[in-house]
Amino acid sequence: MRPLRNPVIQIVLSVVLAGWMKFCFATIRWTREGQEHADKVWSDGGGVVCAFWHSRIGLAPASWDFTRAQPIKAMISLSQDGEFIARAVALQGFPAVRGSSANKDKAEAAKGGSRALRDGLRQLRIGALAITPDGPRGPARVMAEGLPLMARMSGAPVLFIGASCSPAIRLNSWDRAVLPLPFSKGAIVYDVALYPEGADLADVTGPWSDRLTAVEARADAITGLARL
């Protein structure tokens with residue numbers, strides 16, 4: 001068994017990581033742009049799809065004002081590795097809606113994806129759903145059609161979130177994930193969109209991918225984090 005798939009190790013590391021992230025978030029000097037978009041989404045209430053690239057999962061909780069925003073859940077994969085991520089994210093206030101199309105068995109993947117879509121739409125009736133549209137295995141910054149489909153079916157606005165901090169830890173993972181360091185410079189950048197009426201998914205995916213990359217690139221420009 002791979003160490004990170006051991007349930008006891010998952011629990012211990014998740015608690016340690018969550019505590020580290022909370023400490024970092026409290027000491028980072030944050031700059032925020034497009035805050036008016038988030039403020040309107042939070043004041044309007046109801047469903048909202050929150051999108052950020054997979055590499056910024058470790059910074060995502062800093063983007064959400066838990067004191068006044070909608071309750072939020074995160075779309076996390078059904079894989080054993082996803083279980084570890086789900087624990088860490090849940091401790092940051094993002095309980096998981098489980099599901100992924102990355103399972104090697106197509107029947108199980110379809111089952112998990114269908115359940116995730118159903119549960120995600122149920123969550124969007126009452127609050128926010130966080131999605132990494134290039135997850136769980138990439139390619140990095142390439143949006144799958146799941147996020148536009150969720151927006152079209154729910155009618156909920158999409159809040160694009162770019163998060164960055166520097167200096168930071170860069171993991172040697174497929175997405176070069178970013179983890180925070182204390183007393184660093186941080187940035188959160190927001191943008192918002194509604195699904196265009198009558199548009200095909202393929203016509204929305206590219207422009208939305210560009211907009212999500214743009215807010216992330218802007219956040220990196222503010223902090224000075226190198227783009228990889």
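The legends below describe close-up views of a predicted model.

**View A. Buried residues of helix α5.** Helix α5 spans residues 146–154, and its Leu147, Pro148, Met150 and Ala151 are buried. These residues lie on the same side of α5, because the arc they cover around the axis is only 160°. Just after the helix, Gly155 adopts a positive phi of about 75°.

**View B. The salt bridge between Arg218 and Glu33.** The side chains of Arg218 and Glu33 form a salt bridge, with an N to O distance of 2.7 Å. Arg218 belongs to helix α6 (residues 201–223) and Glu33 to strand β1 (residues 29–33), so the pair ties together parts that are 185 residues apart in sequence. Arg218 counts as partly exposed, with a relative accessibility of 37%. Glu33 is likewise partly exposed, at 26% relative accessibility.

**View C. The salt bridge between Arg68 and Asp39.** A salt bridge joins the side chains of Arg68 and Asp39, at 2.7 Å from N to O. The two residues are 29 apart and link distant parts of the chain: Arg68 is in the loop between β2 (48–51) and β3 (72–76), whereas Asp39 is in helix α2 (residues 35–44). Arg68 has a relative accessible area of 44% and is therefore partly exposed, the class that lies between under 20% and over 50%. Asp39 is also partly exposed, with 26% relative accessibility.

View D. The side chains of Lys40 and Asp44 meet in a salt bridge of 2.7 Å, N to O. Both residues are in helix α2, and because they are 4 residues apart, about one helical turn separates them. Lys40 is exposed, with a relative accessible area of 52%. Asp44 is exposed as well, with a relative accessible area of 52%.

**View E. A network of salt bridges.** Five residues, namely Arg56, Arg141, Glu216, Asp220 and Arg227, are linked in a network of salt bridges. Side chains of opposite charge can pair when their charged atoms come close. In the predicted model, the count of salt bridges comes to 11, with a side-chain nitrogen of Lys or Arg required to be within 4 Å of a carboxyl oxygen of Asp or Glu.

How values were computed: Residues numbered from 1 in each chain as written. Predicted model: local features only at pLDDT ≥ 70, side-chain atom pairs only at ≥ 80, totals over all residues. Heavy atoms only, no water. Buried < 20%, exposed > 50% of the residue type's maximum accessible area, 1.4 Å probe, protein only. Arc of directions from axis to C-beta.
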